[in-house]
Amino acid sequence: MNKFKTLILLLTILASFVLTGCATYPLGSTKAEIWKARYEQNIVLDSDSTGTAFGKVTKRVLWDIFTLCFAEVHYAKIVRNHSFWLLKEREKNEAFMMKDNAADKLKDYFAEFIGVHQSEIIGKFGPADRVDDDGTGGRVLVYEEATDNSSSRFGIISLSSEVTQKTTIFRVWFAVDQSGNVRNAGARETSQSGNTKNVRDLK
């Protein structure tokens, strides 16, 4: 009887490994990758060959018989978690692409000011909040603005992906040569959300 119980326990453990695919994905895999692997190992896919699909169906039927259909709970969990983490991965990739697009727009935005005379900068944005000496005979016009909606009057939108309420300080600067023409420009974003402070150079 003890041998029979031991056999049942070993088969149950084996079933758990087969259903979850615990031994088939590399260490360090993300949850999205893990559940994708489990989904592909256990669920019949449109791209599966006839032999692969038959093997998956056979395994599922056998484990349903062995577990009195309790295995279906695990199969449902695999499908549910695969869908959840697939969505999370898609949202993460979309956020990354949005940041890339925003960064490209900022580069184009500041490129428009290169070569422009400082009088046009002042005419567009008003007097600078601060004027620094760049050490080479030129000047740096510095504008600062605090906002709570992650955008500024300079047309800059925060690269931050946080959706929580926060205060953002934009520091925009224009480096002007001795002739008064802009030779470089950029911005820095400092956001404060609770006790968390993030600083990003936007160019």
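In the predicted model, the buried residues of helix α2 are Ala-32, Ile-34, Trp-35, Ala-37, Arg-38, Tyr-39 and Asn-42. Helix α2 comprises the 12 residues 31-42, which at 1.5 Å a residue should span 16 Å, and this agrees with the distance of 16 Å between its end C-alpha atoms.

Helix α5, formed by residues 118-125, has Gln-118, Ile-121 and Phe-125 among its residues, and these three are buried. When the helix is seen down its axis, the buried residues of α5 fall within an arc of 55°, so they line one face of the helix. An α-helix has 3.6 residues a turn, and residues three or four places apart therefore point the same way. On the other side of α5, by contrast, Glu-120 and Gly-123 are exposed. The residue that follows α5 is Gly-126, whose phi is positive, near 90°.

Within α5, Gln-118 has a relative accessible area of 16% and is counted as buried because this value is under the cut-off of 20%. When its neighbours within four places in sequence are left aside, Gln-118 is in contact with Arg-139, Leu-141, Val-176 and Gly-180.

Leu-62, which lies in helix α3 (residues 50-66), has a relative accessible area of 52% and is classed as exposed because this value is over the cut-off of 50%. Together with Val-44, Val-57, Val-61 and Ile-65, Leu-62 forms a nonpolar patch on the surface, and the accessible area of these residues together is about 440 Å².

Note on methods:
Residues are numbered from 1 along each chain as its sequence is written. This is a predicted model: local features need pLDDT of at least 70, side-chain atom pairs count only at pLDDT 80 or more; totals for chains, interfaces and linings use all residues. Side-chain values use heavy atoms; hydrogens and water are left out. Buried means under 20% relative accessible area, exposed over 50%, partly exposed in between (1.4 Å probe, protein chains only). Helices (H or I, at least four residues) and strands (E, at least two) are DSSP runs, numbered from the N terminus. The arc is that of the directions from the helix axis to the C-beta atoms. The expected span of a helix is 1.5 Å times one less than its number of residues. Patches are made of residues with over 30% relative accessible area and no salt bridge: like charges are joined within 9 Å, nonpolar side chains (Val, Leu, Ile, Met, Phe, Trp, Tyr) within 5 Å. Accessible areas come from the Shrake-Rupley method with a 1.4 Å probe; for residues, only the protein chains shown count as cover. A salt bridge is a side-chain nitrogen of Lys or Arg within 4 Å of a carboxyl oxygen of Asp or Glu. Contact means heavy atoms within 4.5 Å.
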